[in-house]
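Hello,

Here is the structure I promised to pass on. Please have a look, then read the notes below.

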Amino acid sequence: QPYSTEETKQVLRLSLTEFSLPKFYLLFGISKVKSAAVIAFRSSYRDRSFSPGSYERETFALTSLETVTEALLEIMEACMRDIPTCKWLDQWTELAQKFAFQYNPSLQPRALVVFGCISKRVSHGQIKQIIRILSKGLESCLKGPDNYNSQVLIEATVIALTKLQPLLNK
């Protein structure tokens, strides 16, 4: 059991309280409920009125993902201060980078946003890869403006580049 300072415990308490507020449900894509537990623990067995068609999924905006990622990063960094050999952030960054640079219409945009938010350093090669992804997204949009996946990919690359740009050498 890691030793936690009072400062870390305070960060954890405040974060838990913050995530429990209804205004933060939207960040997790569940704003149309009175309690997060209503959605989290609902099943077709216990609630016969629930069926896949009866609950309309809300879209999870990339800006919401950005906010959630930054909040989770704050929690992780607070906990890491108390654990000297902790490699959580390195592992998270490695996984985010892996999925960010691997084509997958559902995961890649989210991984790009997370990679941009949690990275503490970035290479010119990584920026070059993100610009290539942006270029491919733009090409795809030119072929058909109704391509939603391309628009999301473009938004994700812009968010990632915005977050990573300050980390580059002048």
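A helix here is a DSSP run of H or I with at least four residues, numbered from the N terminus. Keep in mind that this is a predicted model.

Start with helix α4, which covers residues 88-100. Phenylalanine 99 sits in helix α4. Together with Leu95 and Leu107, Phe99 makes a nonpolar surface patch of about 250 Å².

Next, the aromatic rings. The structure holds 1 aromatic pair. The partners are phenylalanine 101 and phenylalanine 115, with ring centres 5.7 Å apart. Their planes stand at 70°, so the pair is edge-to-face; the cut-off for that class is over 60 degrees. Phenylalanine 101 belongs to the loop between α4 and α5, while phenylalanine 115 belongs to helix α5 (108-118). The pair therefore ties together parts that are 14 residues apart in sequence. Phenylalanine 115 has a relative accessibility of 1%, so this residue counts as buried.

Last, helix α1, residues 6-19. How far should helix α1 span? At 1.5 Å a residue, its 14 residues should span 20 Å. The end C-alpha atoms are 20 Å apart, which agrees.

Which residues of α1 are buried? They are Thr8, Val11, Ser15 and Phe19. These residues cover an arc of only 60° around the axis, so they lie on the same side of α1. The face turned away from that buried side carries Glu6, Leu14 and Leu16, which are exposed.

Best wishes

Methods: Residues numbered from 1 in each chain as written. Predicted model: local features only at pLDDT ≥ 70, side-chain atom pairs only at ≥ 80, totals over all residues. Heavy atoms only, no water. Patch = residues over 30% accessible without salt bridge, like charges linked within 9 Å, V, L, I, M, F, W, Y side chains within 5 Å. Areas by Shrake-Rupley, 256 points an atom, 1.4 Å probe, with all protein chains shown as cover. Salt bridge = Lys/Arg side-chain N within 4 Å of Asp/Glu carboxyl O. Helix = DSSP H or I, 4+ residues; strand = E, 2+ residues; numbered from the N terminus. Phe/Tyr/Trp six-rings, centres within 6.5 Å; stacked < 30°, edge-to-face > 60°. Buried < 20%, exposed > 50% of the residue type's maximum accessible area, 1.4 Å probe, protein only. Expected span 1.5 Å × (residues − 1). Arc of directions from axis to C-beta.
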